[in-house]
Amino acid sequence: MERPLLTTNLAQWPVRRGKVRDVYDLGDRLLFIATDRISAFDWILPTGIPDKGRVLTTLSAWWFAQVDVPHHLITTNLDSLADSLDEPTRALLDGRSMIVRKAQVIPFECVVRGYLAGSGWKEYLASASICGHPLPPGLRDGDRLDTPLFTPATKAESGHDENVPIARLIESLGPALTRDLEAHSRQVYSQAATTAREAGLILADTKFEWGLDPQTGDLLLVDEILTPDSSRYWNAATHKPGGPQPSFDKQFVRDWLEASGWDKSSTPPALPDDIVQRTRAKYIECYERLTAQRFPWT
């Protein structure tokens with residue numbers, strides 16, 4: 001197992017860094033590199049999770065091959081950049097890189113919720129609704145919703161995304177594009193939830209990012225999709241509504257930070273090795289259960 005990759009430095013291309021990804025501008029395309037950075041409570045932590053970026057990339061690529069909508073992924077193969085990358089760099093980037101089409105990214109997260117959890121649960125407790133969708137009384141944390149909800153959110157560069165009503169999208173994007181975003185997001189969620197259920201997992205909710213092809217104006221599914229960072233997966237065999245469900249993500253990290261005494265307003269502490277290893281194992285388990293393939297970097 002390699003040390004976690006926390007940053008990349010490819011000086012030949014302009015770069016923009018997010019919480020997890022380093023995005024290089026190749027001119028006519030983009031190079032997405034998923035590092036092993038991990039964030040919690042709006043902080044990027046000083047300790048990375050080895051191979052996390054590879055799980056996010058390889059699982060996204062697997063899902064892009066499954067879904068029935070246009071997307072931005074061109075290839076995960078770096079052969080076309082062979083003249084610009086030496087062999088040690090290519091080995092470092094193996095499994096964590098996507099070359100993608102450029103798109104005009106729509107500035108909203110398209111969230112689909114099939115179950116009541118997270119911020120949706122908090123909003124339900126406060127208003128018996130989510131993003132303007134009224135819900136029946138008496139629901140429990142973790143309950144399945146009769147019909148999945150489309151609950152868009154603002155895209156935050158830092159801090160929390162904010163749930164917004166669909167009327168906000170219509171005002172910003174127009175009714176036709178809003179209808180397309182909802183229809184496409186629901187379609188992908190429905191297909192992915194069925195696939196996950198066949199693997200013994202519940203896809204409780206997920207968020208999608210969409211963009212417009214600058215040449216054709218067509219919608220493209222962009223960024224990562226249906227990974228443990230963008231989605232809430234639960235074990236179907238142990239699902240029991242009435243409280244928070246164990247999930248296939250950074251739950252071990254959040255729980256440890258909550259118990260560590262960290263004030264969430266100063267530099268986060270380093271994670272202990274056992275939390276790193278358990279979190280890595282949970283990400284890999286999610287990949288292997290969904291794809292029915294062994295994770296190549298174990």
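Which residues in α1 meet which residues in α7? Keep that one in mind while we walk through this model, which is predicted.

## The chain as a whole

Let's start with the overall picture. The chain carries 7 helices and 16 strands. Its radius of gyration is 19 Å, close to the 19 Å that the globule rule gives for 298 residues, so the chain is as compact as a globular protein of that length.

## The five-stranded sheet

Now for one of the sheets. Here 5 strands line up in the order β1-β2-β3-β7-β6, making an open sheet with antiparallel pairing. At the edges sit β1 (15-17) and β6 (73-75), and each of these pairs on one side only. On average, neighbouring strands in this sheet are turned by 30 degrees against each other, with direction ignored.

Arg 17 stands opposite Asp 22, the latter in β2.

## α1, between sheet and helix

Helix α1 (residues 52-66) lies across four of these strands: β2, β3 (29-34), β6 and β7 (97-101). Against β7, α1 runs at about 45 degrees.

Helix α1 also packs with α7, at an angle of about 20 degrees and with the axes 10 Å apart. An angle under 35 degrees counts as roughly parallel, and α1 and α7 are therefore roughly parallel to each other. The crossing of α1 past α7 is left-handed.

Back to the opening question. On the α1 side you'll find Lys 52, Val 55, Leu 56, Thr 58, Leu 59, Trp 62 and Trp 63, and they meet Tyr 283, Ile 284, Tyr 287, Leu 290 and Thr 291 of α7. Sorted by class, this contact has 9 nonpolar, 2 polar and 1 charged residues.

## α6 against α7

Helix α7 (residues 273-291) has another partner in α6 (residues 251-260): these two pack at an angle of about 150 degrees, with axes 8 Å apart. That angle makes α6 roughly antiparallel to α7, since anything over 145 degrees is classed that way.

So who touches whom? From α6, Phe 252, Val 253 and Trp 256 meet Ile 275, Arg 278, Thr 279 and Lys 282 of α7. The tally for this contact is 4 nonpolar, 1 polar and 2 charged residues.

## α4 against α5

One more helix pair to look at. The axes of α4 (residues 166-173) and α5 (residues 175-198) come within 7 Å and cross at roughly 130 degrees. In handedness, α4 passes α5 in a right-handed crossing.

The α4 side of the contact is made by Ile 166, Leu 169, Ile 170 and Leu 173. Helix α5 brings Pro 175, Leu 177, Thr 178, Leu 181 and Glu 182. Class by class, the contact of α4 with α5 comes to 7 nonpolar, 1 polar and 1 charged residues.

Methods. Residues numbered from 1 in each chain as written. Predicted model: local features only at pLDDT ≥ 70, side-chain atom pairs only at ≥ 80, totals over all residues. Heavy atoms only, no water. Pairing = 2+ DSSP bridges. Helix = DSSP H or I, 4+ residues; strand = E, 2+ residues; numbered from the N terminus. Axes fitted to C-alpha atoms, helices over the stretch in contact; angles between N-to-C directions. Contact = heavy atoms within 4.5 Å. Left-handed = near helix turned anticlockwise from the far one by under 90°. Nonpolar A, V, L, I, M, F, W, Y, C, P; charged D, E, K, R; others polar. Rg over C-alpha atoms; globule rule 2.2 N^0.38 Å. Parallel < 35°, antiparallel > 145°, perpendicular 65-115°, else oblique.
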